Amino acid sequence: MSKNYLIILGVAGVLLLGGVAFAFKHQVKTLLMPQGQGEQVKQVEQVGQVNQGEQVPQENKMEAVVVTYDPKGFSPTTLTVKKGTAVKFVNKSGSTMSVASNPHPTHTDYPGFDQFKSDARGKDEYSFTFTKVGSWGFHNHAKPSDGGTVVVTE
Ligand SMILES: [Cu+2]
């Protein structure tokens with residue numbers, strides 16, 4: 001009887017230890033879970049920061065400088081912008097505006113800067129993002145005597 005009692009006690013002890021071990025593991029898991037979630041939250045925050053970083057150039061694009069064109073010509077005629085800035089030329093002249101880099105008629109100073117060769121061909125709004133530092137003379141290809149200069153800085 002005493003041997004059986006010891007066996008029962010032993011089995012009970014093992015079960016008890018097993019239960020404690022299970023409980024401990026479970027506790028460890030519950031302790032680890034929030035940490036894992038915390039890391040995920042950190043990653044989301046980092047992704048958010050990266051997105052905010054990516055939005056900076058978009059914000060620069062949002063700061064579009066507008067040059068208007070009317071019968072008197074372009075206004076302002078000379079403007080200074082930072083590299084990466086979009087300059088929007090808006091035609092309010094009632095006549096054709098086709099902005100292009102100097103010299104007329106080849107437009108070779110800044111080959112990409114040519115409304116006629118862009119999607120804005122024939123339209124009254126032409127946006128061009130200046131990515132090259134320099135002083136870029138431009139004119140209205142339809143009336144070459146009207147022009148101006150965009151100075152692009154770093
Ligand atoms: Cu021209």
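This is a predicted model: local features need pLDDT of at least 70, side-chain atom pairs count only at pLDDT 80 or more; totals for chains, interfaces and linings use all residues.
In strand β4, the residue Val 90 is the bridge partner of Thr 68. Strand β1, which covers residues 65-70, runs parallel to β4, and the two are joined over 5 bridges. Val 90 also has a counterpart elsewhere, for it stands opposite Glu 125 in β6. Here the sense of pairing is antiparallel, with 6 bridges between β4 and β6. Strand β4 itself comprises residues 85-91 and presents two faces. Thr 85, Val 87, Phe 89 and Asn 91 make up the covered face, while Ala 86, Lys 88 and Val 90 make up the uncovered one.

The wider chain may now be considered. The protein chain contains 1 helix and 8 strands. Of its 154 residues, 18% count as buried. Among the contacts between residues at least 6 apart in sequence, 52% join residues that are at least 24 apart.

A further group of strands forms an open sheet. This sheet has 4 strands in the order β3-β8-β7-β5, and its pairing is mixed. Because β3 (78-82) and β5 (99-101) each have a single partner strand, they stand at the edges, and one side of each is left without a neighbour in the sheet. From one strand to the next, the twist averages 30°. Within this order, β7 (residues 134-140) and β8 (residues 143-153) pair in the antiparallel sense over 7 bridges.

Apart from neighbours within four places in sequence, Phe 74 is in contact with Val 67, Tyr 69, Asp 146, Gly 147 and Gly 148. Phe 74 lies in strand β2. Is this residue buried or exposed? A residue is classed as buried if 20 or more other C-beta atoms lie within 10 Å of its own. Phe 74 has 22 such neighbours inside 10 Å and therefore counts as buried. The chain also brings Phe 74 and His 139 to a C-alpha separation of 8.7 Å, although they are 65 residues apart along the sequence.

A cis peptide bond joins Ser 75 and Pro 76, with omega of about -5°. Pro 76 is situated in the loop between β2 (73-75) and β3. Another cis peptide bond joins His 104 and Pro 105, and its omega is about 5°. Pro 105 is found in the loop between β5 and β6, the latter strand covering residues 125-130.

The loop between β5 and β6 also holds His 107. Although His 107 is not a glycine, it has a positive phi of about 60°. How many other C-beta atoms lie within 10 Å of His 107? The count is 21, so His 107 is buried.

Note on methods: Residues are numbered from 1 along each chain as its sequence is written. Two strands pair if DSSP finds at least two bridges between them. Axes are lines fitted to C-alpha atoms, for helices over the stretch in contact, and angles run from 0 to 180 degrees between N-to-C directions. A residue is buried if 20 or more other C-beta atoms lie within 10 Å of its own, exposed if 12 or fewer, and partly exposed in between; C-beta atoms are placed from the backbone. Two residues are in contact if their C-beta atoms, placed from the backbone, lie within 7 Å.
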